[in-house]
Every structure is written in C-alpha cells, then in structure tokens.
Amino acid sequence: MSPTLDGKLVVAISSRALFDLESENAVFETGDDGAYRALQLERLDDPPPTGVAYPLVQKLLRLNSASTQPVEVVIASRNDPVSGLRIFRAAKHYGLSIERGIFTRGRSPHRYLAPLNASLFLSANPQDVRAALLAGYPAAQVYPASAADAARNPDEIRIAFDGDAVLFSDQAERVFKGESLARFVEHEVIRINEPLPAGPFKPFLAALHGLQSRARENTVQIRTALVTARSAPAHERAIRTLLHWGIEVDEACFLGGLPKGPFLKAFEPDFFFDDQAGHCESAVSAGPTGQVLYGIANETDA
C-alpha cells in the first residue's frame with residue numbers, strides 16, 4: 001500500500017517552533033544566506049536546545065504505536081535543504097520520529113499545507129502564519145519565550161483554546177469591539193440558540209476530539225480546555241455551539257475579562273491558542289503559547 005497521510009492528525013511545524021534557533025535566526029535575518037548555511041553546517045552535530053512546541057510534539061508522537069500511527073509531524077521550514085540536515089539530526093537526537101520535511105530556502109512553506117492535509121501549522125514567522133490562516137488552515141505564531149516543560153504531566157496532552165476568533169469566528173467579538181460590552185451580551189443572548197460560525201481552530205479541536213475517542217487505551221491521554229473572556233449569560237451560546245458541533249471540551253473557564261495567565265498556570269497547558277497579543281503575553285509564563293493572527297483584533301494590529 002502506498003504511503004498516505006489520509007485520516008491522520010498532521011502537524012506542520014517550523015524548525016524555530018520545534019527547536020531553539022534564535023541565535024541562528026539572528027544571522028538568517030541579516031539576509032546573508034551563505035553565512036547562515038555555514039553556521040548551520042558548523043553546528044551540524046550540535047543539536048539545538050528544544051523549542052516552545054517540543055513538549056507538544058513529543059507527546060503527540062507518543063500516540064503512535066507499532067500498529068497504528070494517527071499522528072504525523074512534518075517539518076515545514078524556510079530553512080534551505082542543507083540546513084535541514086541539522087534539523088533532522090536534532091530530531092533523531094531527541095528521539096522524535098519525524099521522517100518528512102519541506103525546506104523552502106527563505107520562501108513561505110504555507111503552500112505545502114494543502115498536499116500535507118495539515119491539521120495544524122506552528123511557526124515563529126507571522127507572515128507564514130497569516131498566509132496559512134488565509135488558506136484555511138489552523139495556524140499560530142509561537143512565542144519562543146514561552147515556558148515549556150517537556151516533563152510536566154507526561155501522560156497527558158493538555159491544549160487550551162480561546163473562544164472568539166479561535167474556535168469560533170470573530171462575529172461576536174466585532175460587536176464587542178465596535179459597540180460595547182452591553183451590546184455584545186445582548187447580541188449573544190438574542191442568538192443563544194444560533195450556533196456561532198466556526199473559527200480557524202475548529203478543525204483542529206475536532207481532530208483532537210476524534211483522537212480522544214480513539215486514544216482511551218493509550219498511555220497518553222488528551223485533555224482540552226476552553227479559556228475565554230466570556231461570562232454568563234454570554235457563555236451559553238459558546239457551549240451550545242460546541243454541542244451543535246458534537247465536540248466536547250474537558251474544561252471551560254468563563255473569566256469575564258480576568259487575566260488568563262493565572263488560570264492557565266493552574267491548567268498547565270502543553271499549548272494555548274489565543275488571537276490577542278495581550279492574552280498571549282499573560283499566558284507565556286504558564287506554558288507554550290501561540291497567537292492566532294485572525295479576526296478583528298489582528299486587523300487592528302496588522
């Protein structure tokens with residue numbers, strides 16, 4: 001049978017999201033391609049430290065076994081193919097079963113997400129993340145300075161999501177930003193039985209939900225959380241939307257605008273996704289964080 005990625009949760013990830021390559025990236029950003037390649041070759045046998053997305057990737061790959069491989073991780077990087085040698089060697093050094101990689105020498109790798117049927121794209125490059133989101137793929141810009149502890153909760157994959165402009169569209173958030181909190185609450189109560197349109201990360205949550213139902217006998221379990229600034233009574237439309245989709249989350253925090261960081265510290269996520277820079281900055285001390293560059297908040301900040 002020919003190799004296929006059909007039916008798998010495919011995570012496409014840049015080398016800077018998986019490994020700490022910030023010193024090398026400083027050379028890359030100078031535009032001196034030759035100096036960058038020379039540096040990577042010089043460090044070919046020197047594995048870089050693990051990066052912000054390493055704990056998530058490590059745990060997701062543990063869902064695979066000799067009999068079934070529901071998860072595929074693919075490097076999708078602006079690195080050149082020669083520099084890619086170091087990335088594959090580093091993956092092998094850390095015991096990551098990664099066999100596929102795409103190296104585009106300075107160009108955005110987002111166009112390869114379609115043939116990969118990617119479920120998630122993680123990158124430190126905001127332009128690549130925006131391009132992936134515009135193409136319809138769940139994508140986030142990682143915060144390299146996020147706290148990342150691969151040894152934390154070794155038998156559980158914990159992923160937390162914001163609601164509006166992440167799991168859901170920014171429909172309601174546009175009312176809040178364009179009018180007022182009172183108008184937002186009124187908007188949501190009137191539409192309490194009307195499911196919110198899907199946001200960019202609905203497909204990824206759905207894929208995780210599918211893995212949860214298949215992973216009951218695995219040594220690694222998946223736990224998801226909705227962490228949102230919504231509060232009662234606007235919480236009900238969010239929950240009803242998830243019910244309409246047939247997707248469950250294990251935990252939900254309706255914070256009414258409180259800082260998310262302390263609650264995320266209690267949850268201890270392997271990754272948290274939010275559309276707003278302020279919430280991401282609040283979250284970085286709690287665990288790996290990615291900003292979803294989508295919706296009205298990012299139109300304003302663009």
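**Notes on the pockets and the core**

1. Starting with the second largest pocket: helix 2 supplies the largest share of its lining, 3 residues. Keep in mind throughout that this is a predicted model. The elements giving two or more residues to this lining are helix 1 (15-18), helix 2 (22-28) and helix 7 (126-134).

2. How many residues line the second largest pocket, and which lie nearest its centre? There are 18 in the lining, and Arg-16, Asn-25, Phe-28, Arg-78 and Asn-125 are the ones nearest the centre. Its volume comes out at about 240 Å³. Sorted by class, the lining has 7 polar, 6 nonpolar and 5 charged residues.

3. Now the largest pocket, with a volume of about 370 Å³. Here 20 residues make up the lining, and nearest the centre you'll find Phe-176, Leu-181, Phe-184, Ala-229 and Arg-230. Two elements, helix 8 (171-178) and helix 9 (181-190), each give two or more residues to this lining. Helix 8 gives the most, with 4 residues.

4. What is the class make-up of the lining of the largest pocket? Its residues divide into 7 charged, 7 nonpolar and 6 polar.

5. On to the packing. The largest nonpolar core has 71 residues, and the members that touch the most others are Ile-13, Leu-18, Leu-122, Phe-161, Phe-201, Phe-204 and Phe-273. There is also a second, separate core of 9 residues, with Ala-225, Leu-264, Phe-267 and Phe-272 among them.

6. If you skip its neighbours within four places in sequence, Leu-18 is in contact with Ile-13, Thr-50, Gly-51, Tyr-54, Val-57, Ile-75, Leu-96 and Ile-98. One of those partners, Ile-13, is also on the list of core members that touch the most others.

7. Ser-14 is another one to look at. Where does Ser-14 sit? It is in the loop between strand 1 (9-13) and helix 1. Is Ser-14 buried or exposed? Ser-14 has 7% relative accessibility, so it counts as buried, the cut-off for buried being under 20%.

8. As for what surrounds that serine: again leaving out neighbours within four places in sequence, Ser-14 is in contact with Ala-76, Leu-122, Ser-123 and Ala-124. Of these partners, Leu-122 also turns up among the residues that touch the most other members of the largest nonpolar core.

How values were computed:
Residues numbered from 1 in each chain as written. Predicted model: local features only at pLDDT ≥ 70, side-chain atom pairs only at ≥ 80, totals over all residues. Heavy atoms only, no water. 1 Å grid on protein atoms, 1.4 Å probe; cavity = no way out; pocket = protein on both sides within 12 Å on 5 of 7 lines; lining within 4 Å. Points joined across faces, edges and corners; volume = space filled by probe spheres on them. Nonpolar A, V, L, I, M, F, W, Y, C, P; charged D, E, K, R; others polar. Core = buried A, V, L, I, M, F, W, Y, C linked by side-chain atoms within 4.5 Å. Buried < 20%, exposed > 50% of the residue type's maximum accessible area, 1.4 Å probe, protein only. Contact = heavy atoms within 4.5 Å.
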